[in-house]
Amino acid sequence: MQEDKIQEALIEHLYRNAYGVVISNVTISLGIIYVLYGSVPTDWLVPWAVAVYALIAARVLAARRFWKHPRTPASLRRWAWTAAGFSWVSGLLWGSLTWIGYVPDQPHLFAFIVAILAGLVSGTIPSMSAFPPALIGSILATTLPVAARFTTMPGAVGDAYLFLLACLIAINIYYGRIAYRMLHEMIRLRLENVGLIGHLQEERDRAQTADRAKTRFLAAASHDLRQPIHALGLLISTLSVLGRRGDVPSGEARSLASSAKAIVGNLSGLLNALLDISKLDAGVVTVTREDVDLGELFRNLRDEFAASARAKGLNWRVVDTSVHVDTDPMMLKRILDNLLTNAFRYTSSGSVMLGCRRRGAMVEVQVWDSGLGIPEDQKAAIFEEFVQLNNPARDKAQGLGLGLAIVRRTAELLGHPLKLVSTPGRGSMFSVMLPSAHGAAPVLPVNSATRVETVASLMIVDDERDVLDAWWACSPWRGTGSMPGNPPRRSRPLTAKPPGWGQHPLT
């Protein structure tokens, strides 16, 4: 592909120099006619001049047609050989001057013509080196008639001229080859620079787009974080006012605690989602691929979403499968959790279905719903952060708008292509393509007669005193002042803790 572009640039360079060749031919031919007129028979000089100017006109017309017409690789080769043909005919015309302008009793005219032709041969290097056949053909077409004339000259003069002519041909072909290589390399570097500039511009545009997206992301996140924090502050202020008035009624305390718990739950969910996205963007999430039994995962998801299906009266169907895939089980479950949560959230009647299909060496896991559907022009936008098509008021009960953003990032990290097919008013189908595993993992036998008793211990480890205080305030042992396994102690105030609690950062 790059070589085709280089060849196109070389041939364009050839035709770009054609105008310079035309100008030099016109001026030099006028000087030749002026010098030879009166010394050379006009029967030879006039036809030569007419042929030269006719060829010049043809070259001008060809160059104009070249720049006006579209070019293909095949047409470029034809144009290159056309330019080569013009250069060969021009060389023959100029070489024939050694026969037309040869006057035995005026050797200075012949020397003048030979000097002009030597200059023309050397001048073909910058103008014709873009296409070596044109360069070599022009040099040979110009010098062969001259060499033929030198063979007719008697004595050592003709031999000297032939030797010098051979040196001129060899030197010009050698430097023409060097010029072609340099021109080829220069065009290649120029094209590479153009490609690098285009790539840098794409990266710049991508960085600017990412920066704008990050700004929108932070604006939406700060808005969604500010609201629950503000509401939580109001609840705490209300609880403080009630506390100053005396004992807080149990009904009001339960109501405030329930509201605070709901707000903290929403805030925790938002923070966890933001942290998930940040970790995925930062590339610090480690992928652990293994053989995953889709059948077992589907059964777990069937039980997990059964309550949601019953609450909304939806037909919840999971197609059983025995397929195994090669992926990260936790990340795959997170993807399907988010897709199914969206499916149930935006489906008010009908059904939701989870299944998979084999696609050669791949397995396509599909989530179908009969919900609202997604317009064609919004299919890309729904995978952005905080985008919810049917939640303009940003109702937290309808989610945070981060689920599909996490799905997209997780799928990209795993290298699993996502697919979306949707029709507004008829529902949607989200799918993720997974590589099929070679075989099922072996099942280890379980001896039901063997009974193993285990003893579990709970250790709370934290280096934040506020967290430790909260744990102690919520613990069932706060009134006794004793830890599990210790004898009960005398009751302590709410804030009293066992000796040594919180003294060590890993208590």
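This is a predicted model: local features need pLDDT of at least 70, side-chain atom pairs count only at pLDDT 80 or more; totals for chains, interfaces and linings use all residues.

Student: How many helices and strands does the protein chain have?
Tutor: The protein chain has 14 helices and 7 strands.

Student: And what percentage of the residues is buried?
Tutor: Of the 507 residues in the protein chain, 35% are buried.

Student: Let us turn to α3. Why is its length judged to agree with expectation?
Tutor: Helix α3 has 27 residues, which at 1.5 Å a residue should span 39 Å; the C-alpha atoms at its ends are 39 Å apart, so the two agree.

Student: Which of the residues of α3 are buried?
Tutor: They are Leu45, Trp48, Ala49, Val52, Leu55, Ile56, Arg59, Ala62, Ala63 and Phe66.

Student: What covers them?
Tutor: The cover over the buried residues of α3 includes α1, α2, α4, α5 and α6.

Student: Where do Arg59 and Ala62 come up again?
Tutor: Both belong to the lining of the largest cavity, alongside Leu14, Tyr15, Asn17, Ala18, Val21, Ala83, Phe86, Ser127 and Met128.

Student: How many cavities does a search of the whole structure find?
Tutor: The search finds 1 cavity of 30 Å³ or more. The space in the largest cavity comes to about 110 Å³.

Student: Which helices supply its lining, and how do the residues divide?
Tutor: At least two lining residues come from each of α1, α2, α3, α4 and α6. By type, the lining of the largest cavity holds 8 nonpolar residues, 2 polar and 1 charged.

Student: Now the second largest pocket: what is its volume?
Tutor: Its volume is about 250 Å³. It is lined by 19 residues, and Val21, Ser24, Asn25, Leu120 and Thr124 are the closest to its centre.

Student: Which helix gives the largest share of that lining?
Tutor: The largest share, 7 residues, is from α6. Helices α2, α4, α6 and α7 each provide at least two residues of the lining.

Student: And how does that lining divide by residue type?
Tutor: The lining of the second largest pocket has 6 nonpolar residues, 12 polar and 1 charged.

Student: Changing topic to the strands: which residues of β2 are on its covered face?
Tutor: Trp316 and Val318 form the covered face of β2, while Asn315 and Arg317 form the uncovered one. In a regular strand, side chains alternate between the two faces of the sheet.

Student: Do β2 and β4 pair in the parallel or the antiparallel sense?
Tutor: The pairing of β2 with β4 is parallel, over 4 bridges. Within it, Asn315 is opposite Ser351 of β4.

Student: How do β4 and β5 run, and how many bridges join them?
Tutor: They run antiparallel, joined by 8 bridges. Cys356 has Val365 in β5 as its bridge partner. The two strands form a hairpin with 2 residues between them, and Gly360 in the turn has a positive phi of about 70°.

Student: Which way do β5 and β7 run?
Tutor: Strands β5 and β7 run antiparallel, and 8 bridges join them. Glu364 stands opposite Met433 in β7. As for cover, 6 of the 8 residues of β5 are buried.

Student: Finally, is α13 mostly covered or mostly uncovered?
Tutor: Helix α13 is mostly covered, with 9 of its 12 residues buried. Among them are Gly403, Leu404, Ile406 and Leu414.

Student: And what follows α13?
Tutor: Gly415 follows α13, and the phi of Gly415 is positive, near 75°.

Methods:
Residues are numbered from 1 along each chain as its sequence is written. Side-chain values use heavy atoms; hydrogens and water are left out. On a 1 Å grid over the protein atoms alone, a cavity is a set of points where a 1.4 Å probe fits but cannot get out, and a pocket is an open set with protein on both sides within 12 Å along at least five of seven lines; lining residues have an atom within 4 Å of a point. Grid points are joined across faces, edges and corners, and a volume is the space filled by probe spheres set on the points. Ala, Val, Leu, Ile, Met, Phe, Trp, Tyr, Cys and Pro count as nonpolar, Asp, Glu, Lys and Arg as charged, and the others, Gly among them, as polar. Buried means under 20% relative accessible area, exposed over 50%, partly exposed in between (1.4 Å probe, protein chains only). Two strands pair if DSSP finds at least two bridges between them. The expected span of a helix is 1.5 Å times one less than its number of residues. Contact means heavy atoms within 4.5 Å.
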